[in-house]
Amino acid sequence: MRNIGHFIDGGPAVLSGTRTSDVFDPSTGQVQARVSLAARTDLDTVVANAKAAQPGWAALNPQRRARVMFRFKELIEAEIGELARLLASEHGKVVDDARGDIQRGLEVVEFCCGIPHLLKGEYTEGAGPGIDVYSTRQPLGVVAGITPFNFPAMIPLWMAAPAIACGNAFILKPSERDPSVPVRLAELAIEAGLPAGIFNVLHGDKEIVDAILEHPAVKAVSFVGSSDIAQHVYERGAANGKRMQCMGGAKNHGIVLPDADLDQAVADIVGAAFGSAGERCMALPVVVPVGAATADALRERLVAAIHGLRVGIPTDPDADYGPVVSSQHKARIEAYIQMAQDEGAELVVDGRGFSLQGHEAGYFLAPTLIDRVTPDMKSYRDEIFGPVLQMVRAESFEEALSYPTDHQYGNGVAIFTRDGDHARRFAAAVEVGMVGINIPIPVPVAYHSFGGWKRSGFGDLNQYGMDGVRFYTRTKTVTQRWPSAGSAPERNFSIPTMD
Ligand code: NAD
């Protein structure tokens, strides 16, 4: 049985924790590897190494740090095919989609190649007589990232790239369900010229997460995962004085106005609802058509599109999506489908009971469409995170706008329309962090930033972009005076002002 170990101080490391966790192949239901789980006390060793390595890395001029980023980007690009297959084998997403997972992370590495420019401070000459003021951004020291199973390359890179480029030492605690790609990324970073101790991968579960949240030398923690855990991590870390950034779950809505290009909207909604088996925090699991005629026409087209979808193993080039991540998660999704029906919604297409020939023990689910869902239903309020699309019918634009606005989650939302006025009003008013206008999955490009509102995000700075640089640095502002020779000494007992 293959063992997936920690990657500490530039190489593989055996730590004191003796527990392991099974890593499954979701297509077969078989255990394919075991990952070591760190014990609480292991963190001291990892932090000590990281702390020792960090000042030297931070002292390297930013152009040299950027060159490591350039090389890191090249090495990931050269290996992207293999990485995608490895990722797909543990996660279950199709290989093409796994490439996208890596590519979106790579784009954050690309952004960080510009770190000398991004870290440039501000300067004011002559803020007072002989007085200049400048601000710089300095790294925090040792920082950590805790990531979910559903993007095992993209999300670790959202965090690792800016944290490291800014001059910090970074400890990644990836999901224990698909831990291989994060380790390979850290190996590639070392190959790219990163000093030992700057990018560490420490596997584990709640035990090590809680240790990270309590360790005094860990200055900031970025978390992405489900909302209850995001909130727990946020509160505990903040109570211990850490800078925290915690992204949670989602229930994204796609609003379809009567004037939308329905064929394009259906293609977009089906891809966004069922791609990656719906296991994306920016998936589109709720569709809100406005008016009965729009709803009926949309439903008819959705049913036809759903019947044309192909569920398959990740290496099947014709598969639209693969299995879900685990048997427990599959059972949870099936329970939500049943719940929706019991709550009075109409089960239009039932994806349960699907079996893929030759892979009968895999965690496959065919697509499900549920109509006449209402906001009081628990199956609507909760995140299902599977290949399940729910339809909530609205009578008016205002009613449609109220659904994503009133929902507990506020990650992403999309509106499909040809009417610029409605689109503009919607984007301005909706209480959601990321909005797509005729764009089903509005994940911002690497030089903007990613973050949801309400229970989708705890903390105030988004992931990557300039917010990422801000999160992993602190501002120091220097006010300096160099009096001219011969100037008279000044005494002042009042607060200095620029009167
Ligand atoms: P999860 O919350 O189960 O796990 C996330 C991380 O937390 C993992 O590293 C896990 O080991 C750790 N963890 C699990 N239980 C813990 C506990 N009790 N205490 C401390 N740490 C714990 O999430 P998941 O199932 O891996 O990922 C799916 C979830 O992540 C979905 O809710 C999805 O919407 C969300 N997600 C959000 C975003 C975003 O940016 N908002 C992006 C991707 C995924």
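## Helix packing, domain contact and ligand shell

In this predicted model, the crossing of α3 and α4 is right-handed.

**Exercise 1.** Describe the geometry of the packing of helix α3 against helix α4, and state which residues make the contact.

*Solution.* Begin with the axes: α3 (residues 80–91) and α4 (residues 95–112) pack with their axes 8 Å apart and at an angle of about 110°. Because angles of 65 to 115 degrees count as roughly perpendicular, α3 is roughly perpendicular to α4. Next come the residues: α3 contributes Ile80, Leu83, Ala84, Arg85, Leu87, Ala88 and His91, while α4 contributes Val95, Ala98, Arg99, Asp101 and Ile102. Sorted by class, this contact holds eight nonpolar, one polar and three charged residues.

**Exercise 2.** Determine how the chain is divided into domains, and which elements give two or more residues to the side of domain 1 that touches domain 2.

*Solution.* The division gives domain 1 (2–248 + 456–478) and domain 2 (253–437), whose C-alpha centres lie 31 Å apart. The contact between them takes 18 residues from domain 1 and 24 residues from domain 2. On the domain 1 side, the elements that give two or more residues are α3 and α4, and the largest share, three residues, comes from α3. The residues of that side divide into six nonpolar, nine polar and three charged.

**Exercise 3.** Characterise the shell around the ligand by its closest residues, its classes and its domains.

*Solution.* The ligand is surrounded by 26 residues, of which the closest are Pro148, Gly225, Met247, Gly249 and Cys281. By class, the shell comprises eleven nonpolar, ten polar and five charged residues. Finally, domain 1 and domain 2 each supply at least three residues to this shell.

Methods:
Residues numbered from 1 in each chain as written. Predicted model: local features only at pLDDT ≥ 70, side-chain atom pairs only at ≥ 80, totals over all residues. Axes fitted to C-alpha atoms, helices over the stretch in contact; angles between N-to-C directions. Helix = DSSP H or I, 4+ residues; strand = E, 2+ residues; numbered from the N terminus. Parallel < 35°, antiparallel > 145°, perpendicular 65-115°, else oblique. Left-handed = near helix turned anticlockwise from the far one by under 90°. Contact = placed C-beta atoms within 7 Å. Nonpolar A, V, L, I, M, F, W, Y, C, P; charged D, E, K, R; others polar. Near = placed C-beta within 6 Å. Domains from an automatic or database assignment.
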